Amino acid sequence: MDWNRLNQYFLRLPELNFSLDVSRVPFSDEFLSEHESQIQKAFDDMEALEAGAIANPDENRQVGHYWLRNAELAPDAETAESIRETLKAIHEFSHKVHDGSISGQGGKFENLLVIGIGGSALGPQFVAAALGNPTGDALVPHFFDNTDPAGMDLTLSTLAGKLDRTLAVVISKSGGTPETRNGMLEAEHAWKNAGLDFAKHAVAVTGEGSKLDKHAESAGWLARFPMWDWVGGRTSETGPVGLLPAALQGIDIDGILSGAAAMDEATRVRETLRNPAALLALMWLHETGGKGEKDMVVLPYKDRLSLFSKYLQQLVMESLGKEKDLEGNVVHQGIAVYGNKGSTDQHAYVQQLRDGVPNFFAVFIQVLQARAGSDSIEVDEKVTSGDFLHGFYLGTREALSDNGRASISMTIDDVTPSYVGMLIALFERAVGFYASLVGINAYHQPGVEAGKKAAASVLDVQRKVADRLADQTGTWKSVADLADELGLAGKEEWIYKILEQLSVNRPDIEQDSAPSSPAESSFRHS
Ligand SMILES: O=P(O)(O)OC[C@H]1O[C@H](O)[C@H](O)[C@@H](O)[C@@H]1O
């Protein structure tokens, strides 16, 4: 690649020891000048958002995640005070847990069970993996992030005999998400079965007055931490959602906050070529045509960052994947995100990236420090494992460029709390800028509701079908009969799938042996 172009489009932020290289995206100078007024408008939008505008018009909400790492910025004194007080409370609570002045029925807490989903799990999971240290964590984190009973059993099996020293942190902004509620109920049941009082081991992070908040209050849980209306789930990592589990784990949360604050500062600069979030958003615009034409493949060359792409999947796709723009036009926006880590992924899908359908751009994250300490063996003459990792990063990037595949690279020194904060803040702001560039609301998620509503209807049909079979115990019924008798014409497929599932999981519901098709199947209650 062109050394001059690299020097032209290599943004180094010396005060952050962070750099962004967009030289391998084939944009022209004209592209930048053509979009300058749009990016200036995005800066205006962001300024208004940070000043407390209703940046999420559909939900009539402010968007305040940037205030979390700089309370001074909050639009009113009460909000600022609440942020400071909460941070103080997180520190105090975790100190007390660490020194044993708050403990479980079996003694000092040693394990942490985080129960949450989506924005209430992905950030804590990413940070736990990036910054934790299983042999040195103050509390070792475990997660329930689904309503999969087998998954929960697996997690509980690793905590067998230790629940009396395990602190459960139930996280839900709305306080009504079914998966999280189910996880909480399953956990309460497990603690009870172990002869323990769940309330003495539980903490909630949730919106004031939510179902979860009320439940935690009336059951007398150890503590409750707020989840403010103006923080979205996918941008909540620097609020109590992310900070409480991290602090309990023993991670330096002030480091995360200061890294995020420093990146916020750097991405407020209105000079496009000096602003990494603006450059990132413009590169996304260039590569996707502003229409999601290409996917973003995130490839950190460091195991500790392997959950970052999963975290970004929600941040980017739930923010940008929208049917309508702010004016109500149908636009079907979005950028798909996937990736895991290099060089591992070279042995999985990089073949397609290099040679196959050119429908992506890559974002490489290079971490300079190979390992703690400098003691590395030579795995080949004069080269270490870390040199290989670095070589694979440069090699893959080169191979992609050679075949006309664009890539962006960012470089950090090491995976530290501060850099994790920076990465989160950088992508949060790039998402905000990109949303302005394409004219969408990044802060709502209307599409998520459809699946939730349909699931509720499925469970309603399940109750009716199971009751109907129970009313006629012993009688074999076909799907068509049940649909007809229950007035559920058109729902035959659901009825079949529901009964197929129930017959495996409930001893009182049976499916006839080996039917050749759903229509020929029959079921009975016995
Ligand atoms: O924190 P909760 O209210 O439980 O929400 C958890 C998740 O639920 C939904 O799926 C939303 O689309 C996500 O944005 C949110 O993070």
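**View 1. Helices H16 and H18 pack against each other.** In this predicted model, helix H16 (residues 448–471) and helix H18 (residues 492–505) pack at an angle of about 70°, and their axes are 10 Å apart. Since angles of 65 to 115 degrees count as roughly perpendicular, H16 is therefore roughly perpendicular to H18. On the H16 side, the contact is made by Val-458, Val-461, Gln-462, Val-465 and Ala-466, and on the H18 side by Trp-494, Ile-495, Ile-498, Leu-499 and Leu-502. Sort these residues by class and you get nine nonpolar, one polar and no charged. The crossing in which H16 passes H18 is right-handed.

**View 2. Helices H4 and H9 cross at roughly 25°.** Here you can follow helix H4 (residues 77–99) past helix H9 (residues 240–249), with axes that come within 9 Å. Are the two helices roughly parallel or roughly perpendicular? Angles under 35 degrees count as roughly parallel, and H4 and H9 are therefore roughly parallel to each other. H4 passes H9 in a right-handed crossing. To find the contact, look for Thr-86, Ile-90, His-91, Ser-94 and Val-97 of H4, then for Pro-240, Leu-243, Leu-244, Ala-247 and Leu-248 of H9. This contact of H4 with H9 has seven nonpolar residues, three polar ones and no charged ones.

View 3. The axes of helix H11 (residues 276–288) and helix H15 (residues 417–438) come within 8 Å, crossing at roughly 50°. From H11, Pro-276, Ala-277, Ala-278, Leu-280, Ala-281, Trp-284 and Leu-285 take part, meeting Leu-426, Arg-429, Ala-430, Phe-433, Tyr-434 and Leu-437 in H15. The contact of H11 with H15 divides into 12 nonpolar residues, no polar ones and one charged residue.

**View 4. A shell of residues surrounds the ligand.** How many residues surround the ligand? There are 14, and the closest are Gly-118, Gly-119, Ser-172, Thr-177 and Gly-233. By class, the shell around the ligand has two nonpolar, nine polar and three charged residues.

View 5. Start with the peptide bond from Gly-342 to Ser-343, which is cis, with omega near 0°. You can find Ser-343 in the loop between strand S9 (337–338) and helix H13 (350–355). Then turn to Asn-60, which has a positive phi of about 50° although it is not a glycine. Asn-60 also sits in a loop, this one between helix H3 (36–50) and H4.

**View 6. The protein is divided into domains.** How far apart are the centres of domain 2 and domain 3? Taken over C-alpha atoms, 37 Å separate the two centres.

How values were computed. Residues numbered from 1 in each chain as written. Predicted model: local features only at pLDDT ≥ 70, side-chain atom pairs only at ≥ 80, totals over all residues. Axes fitted to C-alpha atoms, helices over the stretch in contact; angles between N-to-C directions. Helix = DSSP H or I, 4+ residues; strand = E, 2+ residues; numbered from the N terminus. Parallel < 35°, antiparallel > 145°, perpendicular 65-115°, else oblique. Left-handed = near helix turned anticlockwise from the far one by under 90°. Contact = placed C-beta atoms within 7 Å. Nonpolar A, V, L, I, M, F, W, Y, C, P; charged D, E, K, R; others polar. Near = placed C-beta within 6 Å. Domains from an automatic or database assignment.
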